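Hi,

Here is the structure we talked about handing over. Please load it first, then read the notes below.

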Amino acid sequence: PCGNQPRKPVGRNRRTAKVPTMNQTRRLLTDLFDIATARAHPAQCLPAHLPPPPAGRLIVLAGGKAAGAMAETAEAFYRPQMPAERIIGLAVARHGYGRPTRLTRMIEAGHPVPDAASLAAAGDILALAESAGPDDLVLALMSGGASANWVAPANGLSFADKQAVNRALLRSGAGIGEMNTVRKHLSRIKGGRLARAAAPARIVTLAISDVPGDDPAVIGSGPTVPDPTTLADARAIVERYRLDLPENVRRALNDPANESPKPGDPVFANTTFALVATPAASFSAAQDAVRDAGYACVFLGDQVEGEARDVAARHAAMARDLQRQGKRAIILSGGELTVTLRGKGGRGGPNQEYALALAQALDGSCGIAALAGDTDGTDGGGGSADDPAGAYADGPTAARARAAGLDPAVFLADNNSTEFFSRLGDLLETGPTFTNVNDFRALIVDTP
């Protein structure tokens, strides 16, 4: 809302309900984000899916932003049931996302661009998988971010080559599925190759999905599941986005030896896969909270994709239309938006860019406010655990910015949404959430 002027009450109880103030609106937006994120925390979603202890060793291999919390939860489940000396493993999460595991070694590594720790960790992960015997259980705990945390370059490629590929993909505007298609064909661990290393031991993969459609082959680049994509698909993506890649990489993408194992390959004969948390489940919890707050819920789905600024323009138009109809509603959506870099050194991920573009599209409106955030707790940024998760925006945001000497259009052109919202005090800063079920967006529509 614009200001805190008293207006006609709206809502379920029209005798007592009041149009919320800006602070109340922001509190509700934050609560919805927290509810969605809590539904996907490993402590809540993982235990019911853990298999019984094996006759031999339990080998925990965890990767991604939730890896530390998933390994910690698994340890708490198995410690009372089997001797501690039969539990080993390695969890690799992005810097700042480690947890105090007791039996599973914890490593923090680079994300979104891998670092030396990513390289060393992947080598250790492969060695543990290769050590698995017929009585052992390899428990693969996967979450978004594992693609950068586990890096094992294909033969003939250097670590610098893999870093160059990741940087080029992040700048390109390619979707997460496209990025992972390229990554899988340049790796010795992704695209089902971890399952090949562990075969014929039993492998149980439990995953927290951060990708539209919850495709097992895309989550963490699918190290334990068949890969339906091909080298030809990867080459097509490189050409589509005109990626500037080292010559070594182009040669690798033309080498048949780098083709990944496909459905039906016997290496997957003793493997199972299950999702323990999904964007849909998190949004189901948020939808219940929306209705409890007295709003109609307009859910656009958990698979929204596209350029962040374009999606923001569409959502702003939808919110204005609902308001013209006199509806009191909250628009929810998830998915993985993309940003095509046009500026020269700006900071900010797709959620902050969405919020900045939304602020422009809502300029001058009243009664519409939004939050856009990444459920992992960081949106873009330089890979630090204290990077912002997203931002808040509403109709008066653009006017407040201009009053402070900030031109929203200039900041958007430079992809510099972090600085824009930092100077306004409108960043969403949560710190690590220890999970990751992709983006969360909520727009509150009240009568002006």
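Predicted model: local features only at pLDDT ≥ 70, side-chain atom pairs only at ≥ 80, totals over all residues.

α13 and α16 pack with their axes 9 Å apart, at an angle of about 65°. Angles of 65 to 115 degrees count as roughly perpendicular, so α13 is roughly perpendicular to α16. Their crossing is left-handed. On the α13 side, the contact is made by Gln352, Glu353, Ala355 and Leu356. α16 contributes Ser417, Thr418, Phe420 and Phe421.

Phe421 deserves a click. Leaving out residues up to four places away in sequence, Phe421 touches Gln352, Ala355 and Leu356, among others. Its other partners include Ala391, Tyr392, Ala393 and Thr397, as well as Asp426 and Leu427.

Now the cores. The largest nonpolar core has 33 residues. Tyr354, Leu358, Phe420, Phe421 and Leu443 have the most contacts inside it. Elements giving two or more residues to this core include the helices α12 (308–324), α13 (350–361) and α16 (417–424), and the strands β9 (329–335), β11 (368–374), β12 (390–394) and β14 (439–445). A second, separate core has 31 residues, among them Val92, Ile125, Leu126 and Ile189.

Last, the sheet. Six strands form an open sheet with mixed pairing, in the order β7-β9-β14-β11-β12-β13. β7 (296–299) and β13 (427–428) are the edge strands, each pairing on one side only. Inside the sheet, β11 and β12 pair in the antiparallel sense over five bridges. Ala372 has Ala391 of β12 as its bridge partner. Ala391 is also one of the residues that Phe421 touches.

Over to you.

Technical notes. Residues numbered from 1 in each chain as written. Heavy atoms only, no water. Core = buried A, V, L, I, M, F, W, Y, C linked by side-chain atoms within 4.5 Å. Buried < 20%, exposed > 50% of the residue type's maximum accessible area, 1.4 Å probe, protein only. Helix = DSSP H or I, 4+ residues; strand = E, 2+ residues; numbered from the N terminus. Contact = heavy atoms within 4.5 Å. Pairing = 2+ DSSP bridges. Axes fitted to C-alpha atoms, helices over the stretch in contact; angles between N-to-C directions. Parallel < 35°, antiparallel > 145°, perpendicular 65-115°, else oblique. Left-handed = near helix turned anticlockwise from the far one by under 90°.
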